[in-house]
Amino acid sequence: MNNRRLIQAWMLVGLFAVVVQAKETVDAKDSAAAFFRETIEPILVGRCLECHGAERKGHLDLRTGQTALEGGESGPVIAMGKPGESRLYEHVSSHKMPPDDPLEDHEVIAIEKWISDGAYYPGEPLDFFSVTTARRAGYNWWSLKPLQDVTPPNVGGIETDEKGASTPSQWRGVRAWESHPIDRFVLAKLHERGLVPSRPASPRILIRRATYDLTGLPPRPEAVDAFIEECEGETGSPLRVGDQAYDRLIDGLLDSQHYGEHWARHWLDVVRFGESTGFEVNHLIDDAWPYRDYIIQSLNDDKPFDRWVLEHLAGDSVGPGDPAVEVGMTFLVSGPYDTVGNQDPVQAAQIRANTIDEMIRATSESFLGLTVGCARCHDHKFDPISQKDYYAFYATFAGVYHDSRTVAPEEERREHESKLKPLREEREGLSQALGELKQGIIARAEGKAAEYEARWTRPPIDRKGTEEVFAPVEARYLRLLAEGRDNNPAARTGFRIDEFEVWTADATPRNVAAAMNGGKAAGKSRVAEDFKNAYGVDRTIDGEFGERWIASGPDLTIEFARPERIRRIFFSSDRLEALSPTSAEAPLVSEYRIEVSVDGKNWAPVADSYDRLPVNDAHRKKRYLDWETSAEEETQRTTLRARIADVDKRMRAVPDLPRLRVGRLTEVKQDFHVFRGGDPQRLGAPVVPASLKTLGRVTPGYELTSASAERDRRLALAEWIVAPENPLTPRVLVNRLWHYHFGTGLVSTPSDFGYMGGRPSHPDLLDWLARELIEPSSGGAVAEQAWRLKRMHKLMVSSQTYRQESASRDEALGVDGDSRLLWRFPPRRLTGEELRDTMLALAGKLNLRMGGPGYRLYRYLRDNVSTYVPLDEYGPETYRRSIYHQNVRASHIDLMTDFDSPDCALSTPRRVTTTTPLQALTLMNHRFSLDMAEAMAARLEGDAGKEKVARQVRRAYALAFAREATATEAATAVAFIEQHGLRAFCRGVLNSNELAYVD
């Protein structure tokens with residue numbers, strides 16, 4: 001019994017020892033894992049895997065323990081527990097590796113300890129993007145982390161001085177700043193740098209700032225006076241802003257239709273919205289404008305932004321057949337694209353890849369602030385975005401093509417079809433009858449083929465040269481009358497001639513048609529407005545064969561310098577044989593008559609093509625039809641054609657269904673792969689539509705199959721972008737709002753939240769705003785207010801940070817020269833659009849009609865390519881807001897382009913502001929500026945009546961600057977007007993810095 005107890009006791013002791021040892025083993029393993037994760041993994045990922053990961057340079061792969069122990073082409077590089085015998089340690093300790101940037105001493109020591117402790121590796125392969133390093137961002141990059149639950153900091157008293165924030169008696173100081181969450185974040189940062197905010201702006205400054213900021217227009221003098229009166233009634237002073245008055249002002253501006261017009265311009269900049277195709281042809285697009293109106297209306301309706309995303313990427317899923325919803329998908333196809341195409345399938349595939357790449361870049365940068373496009377040819381060099389991520393997006397957008405399509409509810413489609421179907425059936429019946437009549441005539445003629453063909457004794461016309469010889473005849477005029485074209489025997493126009501020669505009957509013949517011999521040519525020509533006389537009739541007699549006349553009429557007339565005795569003509573459309581025999585670039589007449597005249601009035605025939613062989617079967621049948629048709633049959637044909645024309649007229653009377661520039665969508669029936677090096681001909685690993693692994697640690701992802709429907713791919717992406725867990729979308733959106741309100745975003749690169757982008761100046765404020773956007777917590781907001789922009793606008797512009805003065809202070813400039821910490825409101829210059837709209841408004845000429853097709857400040861010239869010639873003078877039809885201008889790519893628009901309105905070929909998340917001599921010259925001398933100065937003067941004359949010039953000056957200052965003129969300004973202006981006139985004064989106002997800048 002005692003022995004049994006003794007054995008049990010020893011067994012318990014042994015079991016305890018095993019448990020202790022196991023725990024020590026687990027603890028050691030946990031310790032090794034923690035050490036690896038915190039110290040070794042950043043070194044391997046950041047300094048080694050770029051060469052010794054997927055690329056396996058030297059055949060060494062350090063991503064897993066197994067491949068690391070296998071070593072490379074020189075053998076094993078790790079000896080477990082023996083750093084001195086490990087090539088890895090040898091190379092890093094001798095600073096041979098990494099070759100360009102050796103490890104720091106502490107990193108070398110860490111590698112030594114790691115190998116000594118057994119070179120622990122986790123079970124999963126190391127991910128090149130797993131951690132952020134000094135060279136690039138990892139999955140733990142700041143912008144990829146979940147939104148933080150941040151509370152606005154508590155801030156103490158504000159230290160004031162004479163140059164800073166003045167005294168609480170003049171400024172409601174600490175209490176005002178402490179009551180607004182945005183101000184608490186800003187004030188805390190200011191305190192960290194020893195800075196203080198500026199005084200509050202006056203009512204006049206603030207109404208001008210807020211009105212331009214929210215509507216892009218100057219405040220009306222009556223609105224300024226009313227606001228100041230309200231502020232005085234609330235605060236007892238016309239120099240202090242009343243909170244309630246300001247609150248009403250902001251509500252009114254946000255309710256204005258002009259809010260949507262102004263802020264739509266910001267979004268159109270971001271999404272590279274343009275109304276031409278771009279590239280070399282750059283043809284105008286006339287059906288994209290509904291998207292612009294959709295954005296304006298969405299803003300004015302305060303549509304939640306998550307709904308925007310769904311409609312932009314998958315409008316056909318969330319609102320199928322609804323034009324008001326599907327129009328959002330114009331976003332996908334609003335960028336430039338190559339319309340020329342290429343017959344080479346390799347080049348065609350590359351062009352298609354470029355088109356999809358443009359969609360990928362626009363989507364990822366606009367909504368996520370990620371430069372996914374940089375992973376097209378290889379894994380992103382700076383952000384955790386793999387090539388596989390990129391091509392998952394490629395598979396998502398592969399079914400979207402640039403085009404327009406009909407968008408209408410199913411009921412409207414059925415109704416439309418019910419109206420057209422009987423008309424189509426009627427037309428088909430008439431067309432069939434006409435066709436049967438035609439075929440019957442041709443069949444009858446073919447029974448007489450031998451008789452007809454006996455007439456055809458000469459060769460067919462030849463594009464390389466066709467000759468007619470006839471008996472010598474006296475003439476001063478000769479004309480070619482076309483009756484058919486070799487590629488369309490029924491067409492009498494559209495043929496080409498590169499040279500037309502008329503030879504005399506002299507012993508030494510002369511070409512008397514040649515311009516060098518005094519010949520003149522007349523005939524209607526295709527007009528290329530961007531290249532005068534590019535296809536002109538003079539091409540037929542210029543002695544050169546490279547260029548061709550393109551006929552837009554059926555005849556060519558040659559006039560000789562004097563009457564001549566002629567006997568031969570020779571003409572061609574491809575004398576140099578530079579094109580294929582059937583090229584559409586050089587069709588020649590297939591049927592014709594040649595006539596001559598002495599006086600240009602009385603004509604006599606000398607030759608025709610009727611005895612030539614037909615140029616092709618279509619030509620032969622055309623002759624059969626012309627020669628065999630009886631008078632009765634011709635009457636029948638005429639009647640049938642008239643009835644068909646009537647049906648066509650009735651079909652045109654049926655209103656078309658809406659057709660929008662929202663892309664042509666096709667089901668994707670192919671598997672997709674990574675394109676190695678971005679080359680569609682070099683296929684790599686297979687991919688399927690999926691979310692970015694970039695956010696896989698914080699946002700639930702998705703992965704579809706290669707058989708998934710095209711629309712499901714886009715819908716899945718849209719829902720993932722606006723998923724509650726996705727931290728990027730709300731961060732990027734609130735940063736864009738901040739950027740436009742304060743001139744610079746909390747992140748200075750609004751479309752790049754990656755490693756190469758800016759770092760947030762106020763990271764806690766950014767996350768607080770992002771959280772507030774999607775989970776409203778203030779102002780009585782409810783869940784329905786999530787993702788709505790007007791609430792966020794009001795939150796930002798109601799802050800004391802926004803309501804500060806913009807005056808500069810030397811000591812603050814020394815600490816924060818670009819005002820990123822917001823110790824003052826950053827002043828800004830008006831955009832080109834705002835400046836133009838302001839000039840129209842001051843002149844009383846601004847047409848406030850909303851929506852519809854845009855106007856053009858250029859002359860549109862189109863041939864093979866398009867040219868946009870800026871107008872020198874603008875008519876009243878162009879006096880609408882600048883948002884309604886039909887913006888095209890690669891064009892210059894006077895005033896707006898001069899003042900940095902961007903080219904819509906690319907996304908412009910932030911505009912540059914330049915100062916150039918051309919800006920001053922345009923404001924001073926452009927016809928538009930002079931017209932607006934004259935109109936403003938006329939307005940002031942009308943406003944002032946017969947009263948003194950002083951009233952005109954006061955009115956001008958109120959209109960332009962939202963303030964009264966000082967006594968000195970008024971006296972100087974009156975003297976100037978008396979000497980130079982009111983128009984010259986208005987011209988000076990429109991050229992003033994105070995007009996062009998917002999404080």
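Which backbone oxygen does the side chain of Thr215 reach? In this predicted model, that oxygen belongs to Thr211, and the distance is 2.5 Å.

Let me stay with Thr215 for a moment. The residue sits in helix H7, which covers residues 203–215. Is Thr215 buried or exposed? Its relative accessibility is 3%, so Thr215 counts as buried. Leaving aside residues up to four places away in sequence, Thr215 touches Leu253, Ser256, His258, Tyr259, His262 and Arg881.

Next, the cysteines. How many disulfides does the structure hold? The count is zero. Cys51, for one, is in no disulfide, and the nearest cysteine sulfur is that of Cys48, 8.9 Å away. Cys51 has a relative accessibility of 30% and therefore counts as partly exposed.

The cut-off for a disulfide is a sulfur pair within 2.5 Å. Cys377 is also partly exposed, with a relative accessible area of 37%.

Last item: Asp105. This residue is in helix H4, residues 105–116. With a relative accessibility of 57%, Asp105 counts as exposed. How far apart in space are Asp105 and Ser93? From C-alpha to C-alpha the separation is 8.1 Å, and in sequence the two are twelve residues apart.

To recap the accessibility values: Thr215 is buried at 3%, Cys51 is partly exposed at 30%, Cys377 is partly exposed at 37%, and Asp105 is exposed at 57%.

Note on methods
Residues are numbered from 1 along each chain as its sequence is written. This is a predicted model: local features need pLDDT of at least 70, side-chain atom pairs count only at pLDDT 80 or more; totals for chains, interfaces and linings use all residues. Side-chain values use heavy atoms; hydrogens and water are left out. Helices (H or I, at least four residues) and strands (E, at least two) are DSSP runs, numbered from the N terminus. Buried means under 20% relative accessible area, exposed over 50%, partly exposed in between (1.4 Å probe, protein chains only). A polar contact is a pair of N or O atoms within 3.5 Å; within protein, one must be able to donate a hydrogen and the other to accept it, and residues adjacent in sequence count only if both atoms are side-chain atoms. Contact means heavy atoms within 4.5 Å.
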